[in-house]
Amino acid sequence: MFIVFIGPPGVGKGTQANMLVEKYPMVKISTGDLLRESIRDKSVLGERAKGFMERGELVPDALVIDLVNEKVNSTAASGKSYIFDGFPRTIEQAKELDNLLESRSSKISVAVDFSMDEEERIERLSGRRMCPSCQRTYHIKFAKPKNDLTCDACNIPLVQRSDDDESVIRQRSSVYWDLTRPLLDFYRKRNLLQTIDASRNIDLVFSDLDRFIQKIKP
Ligand code: AP5
């Protein structure tokens, strides 16, 4: 099973992807997490991606596609299903993902469109806190850690993502509308699109998502 998550910043893609991975044996490929990891490791890719991410722009397709190819190739032997969180984000990336899956005699099973208002997303992102070690995300109101601003798993202080500044969030949203939203038509035409109202609480969103997954389970 190959599941694609599409949605603007702060809609809850990462939260739901983590919940799926806890429930099912799945590989999660989050291009945002992989890029942040490259920046932390000070790799050549990280150095090239950093400026784009800080400005809220997309990292060039070729860099992201290489990253995804590498991750799929290194995990393919597991035979697990995949969740692509935040990839593809352009038509070019979607076509490359099709080619990659076709070369493995596979195809996308479902593309999930998470949708909700911009102002609520900004509230979610300004209250988001992240563990700098395991990258688990929390929210100061909606998904609190057990102890004040400390990761439940790693027991270290949570941090705020540098691109969760309001002006960068608005830029990321505008990039979503211009470059990523056309993917909805791309998948709708192939009857692969499922839309979820992501404005509800975390568990309600997950129950919708789980229902879609159950339907496509072989
Ligand atoms: P990325 O890390 O993918 O960021 P994003 O898509 O902007 O999405 P976010 O991680 O901000 O939000 P989310 O939808 O995952 O929400 P979350 O679950 O955390 O990408 C960052 C950058 O990397 C991009 O700007 C770009 O530069 C680059 N990049 C990445 N992929 C790329 C690609 N394919 N091509 C080119 N460039 C790429 O939830 C947000 C908050 O809300 C959390 O605090 C959470 O606890 C809370 N929350 C979640 N769900 C709920 C709910 N239902 N109710 C209440 N609170 C909730």
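Modeller: One definition before we start: a residue is called buried when its relative accessible area is under 20%, exposed when it is over 50%, and partly exposed in between. Bear in mind that this is a predicted model.

Colleague: Why is Phe 2 called buried?

Modeller: Its relative accessible area is 11%. The cut-off for buried is under 20%, so Phe 2 counts as buried.

Colleague: And what makes Tyr 82 buried or exposed?

Modeller: The relative accessible area of Tyr 82 is 3%. Buried means under 20%, so Tyr 82 is buried.

Colleague: How many aromatic pairs are there by the ring rule?

Modeller: The count comes to 7 aromatic pairs.

Colleague: Why is the pair of Phe 2 and Tyr 82 called stacked?

Modeller: Two rings pair if their centres lie within 6.5 Å, and planes under 30 degrees apart count as stacked. The ring centres of Phe 2 and Tyr 82 are 5.4 Å apart and their planes stand at 10 degrees, so the pair is stacked.

Colleague: What does this pair tie together?

Modeller: Phe 2 is in strand β1 and Tyr 82 in strand β3, so the pair ties together parts that are 80 residues apart in sequence.

Colleague: What makes the pair of Phe 84 and Phe 87 tilted?

Modeller: Angles under 30 degrees are stacked, those over 60 are edge-to-face, and the rest are tilted. For Phe 84 and Phe 87 the angle between the planes is 50 degrees, with 6.3 Å from centre to centre, and the pair is tilted. Both of these residues are buried. Ring pairs link Phe 2, Tyr 82, Phe 84 and Phe 87 into a cluster.

Colleague: What is the peptide bond from Phe 87 to Pro 88, cis or trans?

Modeller: That bond is cis, with omega near 0 degrees. Pro 88 sits in the loop between β3 and α5.

Colleague: Which members of the largest nonpolar core touch the most others?

Modeller: The core has 33 residues, and those touching the most other members are Val 4, Ile 6, Ile 29, Phe 84, Leu 97 and Tyr 187. The largest share of this core, 6 residues, is supplied by α4. Leaving aside neighbours within four places in sequence, Ile 29 is in contact with residues including Leu 34, Val 68, Val 72, Tyr 82 and Phe 84. Apart from this core lies another, of 20 residues, among them Ile 3, Phe 5, Met 19 and Ala 198.

Colleague: Why might such residues be found together?

Modeller: In soluble globular proteins, nonpolar side chains tend to be buried together.

Colleague: Which residues lie nearest the centre of the second largest pocket?

Modeller: Arg 36, Ile 39, Met 130, Arg 161 and Ser 162 do, out of 13 lining residues. The volume of this pocket is about 300 Å³. Helices α2 and α3 each supply at least two residues of the lining. The lining divides into 5 nonpolar, 2 polar and 6 charged residues.

Colleague: How do you know that Ser 162 is exposed?

Modeller: Exposed means over 50%. The relative accessibility of Ser 162 is 62%, so Ser 162 counts as exposed. Ser 162 is found in the loop between β6 and α7. Its C-alpha is 7.1 Å from that of Glu 54, although the two are 108 residues apart in sequence.

Colleague: What makes Arg 172 buried or exposed?

Modeller: Its relative accessible area is 13%. The limit for buried is under 20%, so Arg 172 is buried. Arg 172 lies in helix α7. Leaving aside neighbours within four places in sequence, the residues in contact with Arg 172 include Pro 9, Gly 56, Arg 161, Asp 163 and Asp 164.

Colleague: Why is Leu 149 called partly exposed?

Modeller: Its relative accessible area is 36%.

Colleague: What is the phi of Ser 105?

Modeller: Phi of Ser 105 is near 55 degrees, again a positive value in a residue other than glycine. Ser 105 has a relative accessible area of 71%. The cut-off for exposed is over 50%, so Ser 105 is exposed.

Note on methods
Residues numbered from 1 in each chain as written. Predicted model: local features only at pLDDT ≥ 70, side-chain atom pairs only at ≥ 80, totals over all residues. Heavy atoms only, no water. 1 Å grid on protein atoms, 1.4 Å probe; cavity = no way out; pocket = protein on both sides within 12 Å on 5 of 7 lines; lining within 4 Å. Points joined across faces, edges and corners; volume = space filled by probe spheres on them. Helix = DSSP H or I, 4+ residues; strand = E, 2+ residues; numbered from the N terminus. Nonpolar A, V, L, I, M, F, W, Y, C, P; charged D, E, K, R; others polar. Core = buried A, V, L, I, M, F, W, Y, C linked by side-chain atoms within 4.5 Å. Buried < 20%, exposed > 50% of the residue type's maximum accessible area, 1.4 Å probe, protein only. Contact = heavy atoms within 4.5 Å. Phe/Tyr/Trp six-rings, centres within 6.5 Å; stacked < 30°, edge-to-face > 60°.
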